Amino acid sequence: MDADKHFIVGVFDDEEVLLKGIGKIRGNGVKIHDVYSPFPVHGIDDALSIKRSRLPIAAFMFGMTGTALALLMQIWMLGYDWPMIIGGKNHASLPPFIPVTFELTVLLAALGMVGTFFIASDMKPYKWPRQFDLRSTEDKHVMAIDLAINSGKTKDELRSLLRDSGASEVNEKSFE
Amino acid sequence: MAAEVHLQEERYIFKPTLRRNIFIFLIIGVVVFGLGLFLAMRSEGQGEAAGHGTKGHASVEATHDMTASLQHETQDEDTAADQHKTEGGAHHESDSWVKRLFTTLWMNNVFFTGLGIIGLFFVAIQYAAQAGWSSGIKRIPLAMGSWIPYAGVLMIGLWFLVKGDLFHWSHSGLFDANGPEFDPIINGKGGFFYWPLAKGTFPAFFMGRMVIFFGMWFLFFTWIKREMLQEDLAGGVTTTHWLKARKFSTWFLLFFAVSSSVSAWDWVMSIDTHWFSTMFGWYMFASWWVTGLAFITLVVVFLKDAGYLKIVNANHLHDLGKFVFAFSIFWTYIWFGQFLLIYYANIPEETVYFIERMKTAPYSWIFFANLFLNFVLPFLLFMTRDAKRHMTMLKVVCPIVIIGHWLDFFNMITPGVMHFEGGVGFLEIGTAMIFMSAFLLVVLTALSKMPLFGKNHPMLEESLHHHI
């Protein structure tokens, strides 16, 4: 059986039950593929031992790129390409460049973050994201367990473990 | 959620060792102050320009030439200095060292007034915003508010002492249309200080505002504090006092919105009487506010270090750190908003303010250090999440911000009085140490007289579960 293809899917009604269930399931040595929730659940990152996102680092890099680009652009435009005297200041003077630099820093950081987030979350435009259960966008918390990775346990064992942990429904889902 | 947590009341004990250390700090401050005063008096005897390099002097001359044609005030100062040398102090202004002493006293009092009033402002914001996360730490800013009456008495008392040297507009000759000193610009602003009395007499409007501001601040402080402490005496969690405190807070915020701006014009901007900036009220508020936030954070961190405030965890520290980070940027935004417009418009009456501070010897390094300490360092050091959650980093950045903004206030006030004879020396540092020890003694004593958090606060439970 290939990994990342066949899953057992537990559906939870309540986030408190879900948080306790995650602890129980992981305590039994089962690796959880991922959990999908309609809203942010406090403490779920710790419960799943998810490492902190590196998105802020990307944001910083994009921001710095914006700062550098903005300064280079303005110094080149107003200092070399088309020098203009405005208010008797030097052609390339720093203070009037700051607002544009600030705006470009924010713009590139924001757009870069959005792009990075989409790519990192597997939401590329040419790829339709996998849905384990559509109700995870409505009112259910959905937990996916990869069967291949947890081959130490049988399907029935996993099903009953999910039931015991508070899942209101247990399904199977396979992707091509 | 979890069952209701019942918390034991916690009290801060102002230990004699800490009190002794603060007194030692105070004594060192007095010694440094005395040394500074002695040095200032001695350098006076050796000529007024002692200690200025030739380069600095050249730029001073250049600016003098520039400003003299633009600003009657500077011209007046020049003649004052000349008169001083020839006639031996016949002019109404004091010796340079006296002016320097008055300037640093006034500057430190304005700075520490800010720390006190920001304590109350922080508490009021938390009530008005119905914030839950901060309910465990609100007593620390509340204790800072205890400084308000002392600051008020000092401010009113000091004013009568320093007015002739700091506040150029307090000279009656400026308003005498036939006199040699008549200044049409200051005369136009006279009503703002002297109404309803005649210009050049007693500044009734100015003094009235000062008294009313401190009076109302103290009154609001008393009301909000009363509600917070009565809440402790209630049998259990109650919203009665919280609602009343929120009402007082809202009215206080309305009052503070006006009074903070007007006090900035009165106590700081009117020193450079000819100059004005529509950003100034915000600018001084921003400086006060971020200093206050850094001070609150620092006290919380030290209390936690001493084993108090177990209910405060990394999440609350993170929020305080974000406050300092965000408002360091806010201050920079206001700073730049004021600077850029004046820089670009290039109107001489406005530009002179920055030429004095940015391009002349004693203030230039402070002008740039100000940006470095108050923007670059907090911005870079506080950028990551971990930096704001760990006490070590908070202990590094918060003092930088406090010292940085002290220099900011120094540069707001000193150049307008001392012109090219000012500077940060033993006198200024000693005065700051004396004020800091007095402020700490008042605040920590007030803190030790009340529980460290309100155990009946309706949002304490929320604060315990605060998670970001």
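Which element of chain A has the lowest mean pLDDT, and which the highest? Helix α2 (residues 44–47) of chain A is lowest and helix α3 (residues 55–81) of chain A is highest.

| Element | Mean pLDDT |
|---|---|
| α2 of chain A (residues 44–47) | 90 |
| α3 of chain A (residues 55–81) | 96 |

This is a predicted model: local features need pLDDT of at least 70, side-chain atom pairs count only at pLDDT 80 or more, and totals for chains, interfaces and linings use all residues. Residues are numbered from 1 along each chain as its sequence is written, while chains are lettered from A and ligands numbered from 1 in the order written. pLDDT is the predictor's confidence in each residue, from 0 to 100. Helices are DSSP runs (H or I, at least four residues), numbered from the N terminus. Chain A averages a pLDDT of 91, with 99% of its residues at 70 or more.

α3(A) has 27 residues. Its first and last C-alpha lie 36 Å apart, close to the 39 Å expected at 1.5 Å a residue (1.5 Å times one less than the number of residues). F62(A), G66(A), A70(A) and L78(A) are its buried residues (20 or more other C-beta atoms within 10 Å of the residue's own, C-beta atoms being placed from the backbone). Their cover includes α4 (94–120) of chain A.

The largest nonpolar core has 112 residues. Such a core joins buried Ala, Val, Leu, Ile, Met, Phe, Trp, Tyr and Cys residues through C-beta atoms within 7 Å. L120(B) and V324(B) touch the most other members. Helix α4 (residues 96–128) of chain B gives the most, with 17 residues. A second, separate core of 19 residues includes F7(A) and I22(A).

Notes
Helices (H or I, at least four residues) and strands (E, at least two) are DSSP runs, numbered from the N terminus. A residue is buried if 20 or more other C-beta atoms lie within 10 Å of its own, exposed if 12 or fewer, and partly exposed in between; C-beta atoms are placed from the backbone. Two residues are in contact if their C-beta atoms, placed from the backbone, lie within 7 Å.
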